[in-house]
Amino acid sequence: PLVPGAFVCNVGDLCERWTNGVFKSTVHRVVTAGGPQAQERYSCAFFWEPNFDTQVAPLPQCVSEPDRPAKYPPVMYGDYIMGKYAKTQSGFVVKDAPSTTTA
């Protein structure tokens, strides 16, 4: 619902994982009402991502046993993002990607 004067911040999948679901990832779409009643809308996108060899896991501050167990297993960012691209981009193939597996 429209909340006059509200500030909306959409977060991505990694922020949801890091916060153990405290902040929910959303589908990123911009839809305006259009027509003569439409009001101006301002949008500022900012994207960031960790290094490929960064382990992404729920932050300790967002996990407590038994009330709030970790919802997401640790993942290496490079493996995660390449898998996501492969699922969402038709024909995407990882070629000669550096290994993100730790010894």
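**Asking how we know**

Visitor: Where is Pro60 found?

Guide: Pro60 sits in the loop between S1 and S2. Strands here are DSSP runs of E with at least two residues, helices are runs of H or I with at least four residues, and both are numbered from the N terminus. Before we go on: this is a predicted model, where local features need pLDDT of at least 70, side-chain atom pairs count only at pLDDT 80 or more, and totals for chains, interfaces and linings use all residues. Residues are numbered from 1 along each chain as its sequence is written, and side-chain values use heavy atoms, with hydrogens and water left out.

Visitor: Why is Pro60 called exposed?

Guide: Its relative accessible area is 66%. Buried means under 20%, exposed means over 50% and partly exposed is in between, using a 1.4 Å probe and protein chains only.

Visitor: How far apart are Pro60 and Trp18?

Guide: They are 42 residues apart in sequence and 9.0 Å apart in space, C-alpha to C-alpha.

Visitor: And what makes Trp18 buried?

Guide: Trp18 has 18% relative accessibility, so it falls under the 20% limit and counts as buried.

Visitor: How many aromatic pairs does a search of the whole structure find?

Guide: There are 2 aromatic pairs. Rings of Phe, Tyr and Trp (its six-membered ring) pair if their centres lie within 6.5 Å; planes under 30 degrees apart are stacked, over 60 edge-to-face, and the rest tilted. Trp18 and Trp48 have ring centres 5.5 Å apart and planes at 15°, so this pair is stacked. Trp18 lies in helix H1 and Trp48 in the loop between H1 and S1, so the pair ties together parts that are 30 residues apart in sequence.

Visitor: Which residues does Arg17 touch?

Guide: Not counting residues up to four places away in sequence, its contacts (heavy atoms within 4.5 Å) include Val56, Pro58, Tyr72 and Tyr80.

Visitor: What about Asn20: buried or exposed?

Guide: Asn20 has a relative accessible area of 0%, so it is buried. Its phi is near 55°, a positive value in a residue other than glycine. You'll find Asn20 in the loop between H1 and S1.

Visitor: Where is the cis peptide bond?

Guide: It joins Glu65 and Pro66, with omega about -5°. Pro66 is in the loop between strand S1 (55–56) and strand S2 (75–76).

Visitor: What pattern does the chain follow along the sequence?

Guide: It runs α-β-β-α, with 2 helices and 2 strands. Of its 103 residues, 20% count as buried.
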